[in-house]
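Please look over the sequence and the three-dimensional view before reading on, and keep both at hand while you work through the points below.

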Amino acid sequence: MVDAGGVKVRIALSEARAFGGQRVGLVVDFDIAPGWHVYGKPLPQDYTPTAVIFDNDLLSGQNLDLPKPTPVKFELLGETLPVYQGRFKAVGDILLRQKLTPGEHRLGGTLSFQECNDNLCKMPQQVRFEIPLWIGARE
């Protein structure tokens with residue numbers, strides 16, 4: 001669970017135990033505080049889109065599909081931007097590297113987002129997280 005004030009995120013793997021070369025399902029549940037939003041894609045350059053990126057030390061691939069964001073017109077900015085509000089879910093998978101040392105590992109990553117309301121934006125955040133993952137020995 002990542003708790004970054006008004007943005008709470010639960011990142012869960014479909015398996016707590018896996019083998020090298022295995023594809024493991026991934027679900028990311030977002031809960032954005034009432035009155036606030038985070039950004040989706042595509043975005044102008046000065047904004048930070050919401051993303052979950054895993055470190056590559058254990059992985060040979062990663063895929064996460066966020067739902068389609070809602071376009072919202074911001075009168076103060078004179079722009080329409082893609083946003084997420086409330087609760088939403090992203091699903092995907094990770095592909096583990098073929099040759100991993102059996103035993104307990106920590107799958108690290110970074111959650112990136114920028115939390116805003118209708119009047120102000122907080123500084124973009126990059127929050128580190130780790131998920132325990134047990135790698136089994138191949139027979």
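This is a predicted model: local features need pLDDT of at least 70, side-chain atom pairs count only at pLDDT 80 or more; totals for chains, interfaces and linings use all residues.

**Strand β4 and its neighbours**

- Strand β2, which covers residues 7-13, runs antiparallel to β4 and is joined to β4 by seven bridges.
- Strand β10, made of residues 87-96, also pairs with β4 in the antiparallel sense, here over nine bridges, and within this pairing Leu26 stands opposite Gly92.
- In a regular strand the side chains alternate between the two faces of the sheet.
- In β4 the covered face holds Val24, Leu26, Val28, Phe30 and Ile32, whereas Arg23, Gly25, Val27, Asp29 and Asp31 belong to the uncovered face.

- His37 lies in the loop between β4 (23-32) and β5 (38-39), and His37 counts as buried because its relative accessibility is 2%, where the cut-off for buried is under 20%.
- Leaving aside residues up to four places away in sequence, His37 touches several residues, including Ile32, Phe74, Tyr84 and Cys116.

**The disulfide**

- Cys116, one of the residues that His37 touches, forms a disulfide with Cys121, and the two sulfur atoms are 2.0 Å apart.
- The link of Cys116 and Cys121 is right-handed, with 110° about the S-S bond.
- Cys116 is buried, with a relative accessible area of 0%, while Cys121 is partly exposed, with a relative accessible area of 38%.

Terms used:
Residues are numbered from 1 along each chain as its sequence is written. Side-chain values use heavy atoms; hydrogens and water are left out. Helices (H or I, at least four residues) and strands (E, at least two) are DSSP runs, numbered from the N terminus. Buried means under 20% relative accessible area, exposed over 50%, partly exposed in between (1.4 Å probe, protein chains only). Contact means heavy atoms within 4.5 Å. Two strands pair if DSSP finds at least two bridges between them. A disulfide is a pair of cysteine sulfur atoms within 2.5 Å.
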